[in-house]
Amino acid sequence: MANGADTRYDVSADIDWFDRYNTKGNFDMDACFNAFDKDGDGYLNLNEFHTICRALFRNDKGKIYSLEPKKLQDILSVFDKKKDGLIDREEFAFCWNNWIKKIVRPVSVFLVVDVQNDFISGTLNISQCSARQNGAEVVEPINKLLETVKFDTVFYSLDWHPSDHVSFIDNLPQRKVHSSSPVSAEEARTYDTVIFEGPPLMKQRLWPRHCVQDSWGAELHKDLKIVDNSIKIYKGTNPEVDSYSVFWDNKKLTDTTLVSQLQEKNATDIYICGLAYDVCVGATAADALAIGYRTILIDDCSRGVDLKDIEKTKNTVTSNNGVIVDSSQVKAMVEGRDRRPELGYKLAMELKSIMSDKSK
Ligand SMILES: [Zn+2]
């Protein structure tokens with residue numbers, strides 16, 4: 001069934017339609033509609049829409065990514081406002097402007113998370129954690145991306161704590177641990193999770209003192225390339241709340257400036273990597289997906305604390321329509337030559353939720 005479109009029409013003529021559109025650009029919405037409205041009836045039916053998706057979701061080597069029939073139907077129904085199973089020209093205008101154009105010409109930002117001395121060779125050296133990974137190994141592949149890929153904007157986040165920060169184990173005596181805490185103040189060791197009295201009650205994992213503002217440990221690794229016009233985002237600056245995500249602190253009390261900066265840039269796609277995979281990188285990717293961004297986690301540019309938690313992070317990303325890629329795949333994706341169905345599906349579902357919010 002899913003391949004019905006292959007036999008009914010000669011799709012070979014149009015399979016590179018979006019590649020030609022991407023490089024030459026002198027095509028328009030009507031040209032696209034006409035190219036795929038094979039029977040010329042003024043509507044795109046499911047088969048014709050499937051052909052669009054086959055031309056849309058391919059990589060730079062011409063490999064066509066498969067799209068489950070259920071997902072194809074889901075996407076079509078987002079744009080089929082009149083619910084007649086067909087896309088007319090008016091419906092296609094919305095599809096073209098809000099979906100196709102963003103897939104073929106995404107606005108991609110790169111977010112390098114916490115590549116700081118303390119996580120690599122300082123007080124919170126992740127190589128001493130259970131996964132035994134070496135944080136310094138992310139520097140080279142990140143630099144290569146910065147040198148070879150034209151991102152719209154590059155952000156570097158920094159864990160940036162005041163000396164009295166709640167996450168430091170040596171600050172434990174400064175606050176009261178609640179009776180419901182799984183470990184008492186006396187028993188608590190580094191990496192344990194306690195519950196502080198607050199109010200409000202607050203769960204907190206205890207870390208060695210790290211990334212203290214203006215210290216060597218808080219500096220970005222000396223070999224990390226800092227590109228011109230990049231933006232630094234500081235997090236964890238409130239002594240009372242920790243902040244794993246680059247978007248918000250763990251209590252969502254305050255946001256960083258990242259949200260507004262992304263809106264200003266009209267960003268569609270966020271590439272995330274850095275340290276630590278299963279802590280700040282994972283929390284940031286989860287938030288990026290929750291906010292609605294097409295989110296790409298770069299596996300070989302990230303190192304983490306715990307192997308099981310790294311697996312959990314990957315599952316969270318993929319089960320929310322994000323993708324995990326190798327850095328070698330990034331350039332073609334940023335240039336719109338490698339177009340992933342997961343990200344197309346994610347964008348369609350976002351459009352659906354935006355439209356249903358509007359109609360309320
Ligand atoms: Zn921290």
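Okay, let's start at a helix contact: Asn-98, Trp-99, Lys-102 and Ile-103 in α6 meet Gly-344, Leu-347, Ala-348 and Leu-351 in α13. Sort those residues by class and you get five nonpolar, two polar and one charged. Before I go on, a reminder that this is a predicted model.

So how do α6 and α13 sit against each other? Their axes come within 10 Å and cross at roughly 155°. An angle over 145° counts as roughly antiparallel, and so that is the label for α6 against α13. The handedness of this crossing is right-handed.

Is Leu-347 buried or exposed? There are 24 C-beta neighbours inside 10 Å of Leu-347, and the cut-off for buried is 20 or more, so Leu-347 is buried. Setting aside neighbours within four places in sequence, the contacts of Leu-347 are Trp-99, Lys-102, Ile-103 and Arg-294. Take Trp-99 from that list: 248 residues separate Trp-99 and Leu-347 along the chain, yet their C-alpha atoms are 6.9 Å apart.

Now, α13 also has a contact with α5. Here α5 is residues 69–79 and α13 is residues 341–358, and the two pack at about 40° with axes 9 Å apart. That angle makes the pair oblique, therefore, rather than parallel or antiparallel. The α5 and α13 crossing is left-handed. Which residues of α5 and α13 meet? From α5 we have Lys-71, Ile-75 and Val-78, and from α13 we have Tyr-345, Ala-348, Leu-351 and Lys-352. By class, this contact has five nonpolar residues, two charged ones and no polar ones. Notice that Ala-348 and Leu-351 turn up here, and both were also on the α13 side of the contact with α6.

The crossing of α3 and α6 is right-handed. On the α3 side the residues are Met-29, Cys-32 and Phe-33, and they meet Arg-89, Phe-92, Ala-93 and Trp-96 of α6. The class count for α3 with α6 is six nonpolar, one charged and no polar.

What does the record say about this part of the chain? UniProt, in an unreviewed entry, places the feature "domain: EF-hand" at residues 24–59 and 67–102. In the model, residues 67–102 are 69% helix and 0% strand, with the end C-alpha atoms 18 Å apart.

One more helix, α4, at residues 46–56. Eight of its eleven residues are buried, so α4 is largely enclosed by the rest of the structure.

Okay, loops. Ser-245 is in the loop between β5, at 231–235, and α9, at 258–264. Ser-245 has 25 C-beta neighbours inside 10 Å, so this residue counts as buried. Not counting residues up to four places away in sequence, Ser-245 touches Ala-283, Thr-284 and Asp-287.

Compare that with Asp-214, in the loop between β4 and β5. Asp-214 has 8 other C-beta atoms within 10 Å and is therefore exposed. The C-alpha atoms of Ser-245 and Asp-214 are 21 Å apart, and the two are 31 residues apart along the chain. Asp-214 also has a positive phi, about 65°, although it is not a glycine. Asn-229, in the loop between β4 and β5, likewise has a positive phi, about 60°, and is not a glycine. Asn-229 counts as exposed because it has 6 C-beta neighbours inside 10 Å.

Where are the cis peptide bonds I want to flag? One joins Pro-199 and Pro-200, with omega about -5°, and Pro-200 is in the loop between β3 and β4. Another runs from Leu-275 to Ala-276, with omega near -20°. Ala-276 lies in the loop between β6, which is 269–275, and α10, which is 277–291.

Last, the whole chain. It has 13 helices and eight strands, and the C-alpha trace spans about 75 × 45 × 35 Å along its principal axes. Of the 360 residues, 39% are buried. For contacts with a separation of 6 or more, 71% are between residues 24 or more positions apart.

Technical notes:
Residues are numbered from 1 along each chain as its sequence is written. This is a predicted model: local features need pLDDT of at least 70, side-chain atom pairs count only at pLDDT 80 or more; totals for chains, interfaces and linings use all residues. Axes are lines fitted to C-alpha atoms, for helices over the stretch in contact, and angles run from 0 to 180 degrees between N-to-C directions. Helices (H or I, at least four residues) and strands (E, at least two) are DSSP runs, numbered from the N terminus. Angles under 35 degrees count as roughly parallel, over 145 as roughly antiparallel, 65 to 115 as roughly perpendicular and the rest as oblique. A crossing is left-handed if the near helix is turned anticlockwise from the far one by less than a right angle, and right-handed if clockwise. Two residues are in contact if their C-beta atoms, placed from the backbone, lie within 7 Å. Ala, Val, Leu, Ile, Met, Phe, Trp, Tyr, Cys and Pro count as nonpolar, Asp, Glu, Lys and Arg as charged, and the others, Gly among them, as polar. A residue is buried if 20 or more other C-beta atoms lie within 10 Å of its own, exposed if 12 or fewer, and partly exposed in between; C-beta atoms are placed from the backbone. UniProt positions are given in the numbering used here, feature names are shortened, and annotations may be inferred rather than shown by experiment.
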